[in-house]
Amino acid sequence: MNTHSIPEKELVAIILYISLFFIIVAVALIIFFYFSRKKIIQKELEKKDLILQYQKEQLHAIIITQEEERKRIAQDLHDDISSKLNIVSLNTHLLSAPNLTEAETTEITGNIINLTAKALENSRKIAHNLLPPVFEKFGLNAGVEELCEEFESSKSVKTHYKNEIDFDDNIDRHLHIFRILQELMNNSLRHGKATEIWIAFKNNNGVGTCYYEDNGIGFNSKNLENQKGLGMKNIESRISFLNGTIKFDSEINKGITVIFTF
């Protein structure tokens, strides 16, 4: 029996080699998992950085949009209201002047009444641009109908609007949808030179969806630079608030198609 047994030295060597093999395999596995984990963590960090960058861009777009809106309101107040009230004030002081004839008093009073009426009308227009009364009283559907009528009143574009959704009373969410359509329609008219616009609200398996289309000059939607404008970022920000999705599709001279959910 002893003639077939492995010498003790060879046995020790075999055990050492096997142990060394398992140690090398173990070290290789540890290194592999370490770098794999490091790569995964690096990708997760890159993804988080991209999300943060996207959120920063959205916030930046919101702030710029708000500032531009404030500038526009300030400009409207200055041009339409303050200037007229200044003239009203001057006319009022004229009324206190001595030796005014009856005709002069009537003329000055008429000027004051006329300017006050114009200032009131302009203040209503400014308030209307901020939040249309029809939207506030009757909801999104009525607001979009009025928006279409306002665009058609320019005689440069025809609108086709269809709604198959019974909207609830969530005015905050609906205001985002309304502003998105305002932005899209302004872009269609101003940049797209569209002569027809189609808007349709549908309920797809419980998901509110808006289909928007125009027949304008379009743009290359595959060029991401065309989707980086402030207006587009503003739209994406509102879609983010709605927890929705948005898809643009456009080609040169083939108009634009936009589908967004909310």
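Helices (H or I, at least four residues) and strands (E, at least two) are DSSP runs, numbered from the N terminus. This is a predicted model, in which local features need pLDDT of at least 70 and side-chain atom pairs count only at pLDDT 80 or more, while totals for chains, interfaces and linings use all residues. Residues are numbered from 1 along each chain as its sequence is written, and side-chain values use heavy atoms, with hydrogens and water left out.

**Salt bridges**

- The structure holds 3 salt bridges, a salt bridge being a side-chain nitrogen of Lys or Arg within 4 Å of a carboxyl oxygen of Asp or Glu.
- One of them joins the side chains of R124 and E121, at 3.5 Å from N to O. R124 and E121 both belong to helix α2 (residues 102-130), where they sit 3 residues apart, about one turn of the helix.
- R124 counts as exposed because its relative accessibility is 51%, and E121 is partly exposed with a relative accessible area of 36%. The cut-offs are under 20% relative accessible area for buried and over 50% for exposed, with partly exposed in between (1.4 Å probe, protein chains only).
- E164 pairs with K162, and their closest N and O atoms are 3.6 Å apart. E164 is partly exposed, at 46% relative accessibility.
- E251 and K254 meet through their side chains in a salt bridge of 3.7 Å, N to O. E251 is partly exposed, with a relative accessible area of 45%, whereas K254 counts as exposed at 62%.

**Nonpolar core**

- The largest nonpolar core has 30 residues, and those with the most contacts inside it are L181, L184, F201, F260 and F262. Such a core is a set of buried Ala, Val, Leu, Ile, Met, Phe, Trp, Tyr and Cys residues joined through side-chain atoms within 4.5 Å.
- At least two residues of this core come from each of α4 (140-152), α5 (171-190), β2 (196-204), β3 (207-214), α6 (230-241) and β5 (256-261). The largest share, 6 residues, is supplied by α5.
- L184 touches Y212, I235, F248, V258 and F260, not counting residues up to four places away in sequence. Contact here means heavy atoms within 4.5 Å.

- The 20 residues of α5 should span 28 Å at 1.5 Å a residue, and its end C-alpha atoms are 28 Å apart, which agrees. The expected span is 1.5 Å times one less than the number of residues in the helix.
- The buried residues of α5 include H174, H176, R179, Q182 and N187. Also on the buried list for α5 are I177, F178, I180, L181, L184 and M185, among others.
- For α4, 13 residues at 1.5 Å each should span 18 Å, and the end C-alpha atoms agree with this at 18 Å apart.
- L140, A142, G143, V144, E146, L147, C148 and F151 are the buried residues of α4. Their cover includes α2, α3 (133-138), β1 (158-163), α5 and β2.

**Surface patch**

- A nonpolar patch on the surface is formed by I6, L11, I14, I15, I18, F21, F22, V25, L29, F32 and F33, with about 1100 Å² of accessible area together.
- Patches are made of residues with over 30% relative accessible area and no salt bridge; like charges are joined within 9 Å, and nonpolar side chains (Val, Leu, Ile, Met, Phe, Trp, Tyr) within 5 Å. Accessible areas come from the Shrake-Rupley method with a 1.4 Å probe, and for residues only the protein chains shown count as cover.
- L11, one of the patch residues, is found in helix α1 (residues 8-95). L11 counts as partly exposed, at 40% relative accessibility.

**Single residues**

- N234 lies in helix α6 and is buried, at 9% relative accessibility. N234 touches A61, T65 and E183, leaving out residues up to four places away in sequence.
- K193 is in the loop between α5 and β2. Its phi is near 55 degrees, a positive value in a residue other than glycine, and K193 is exposed with a relative accessible area of 55%.
- N243, in the loop between α6 and β4 (246-250), has a positive phi near 55 degrees and is a residue other than glycine. N243 counts as exposed at 71% relative accessibility.
- E104 has its place in helix α2 and is partly exposed, at 36% relative accessibility. E104 and L94 are 10 residues apart in sequence and 9.6 Å apart in space, C-alpha to C-alpha.
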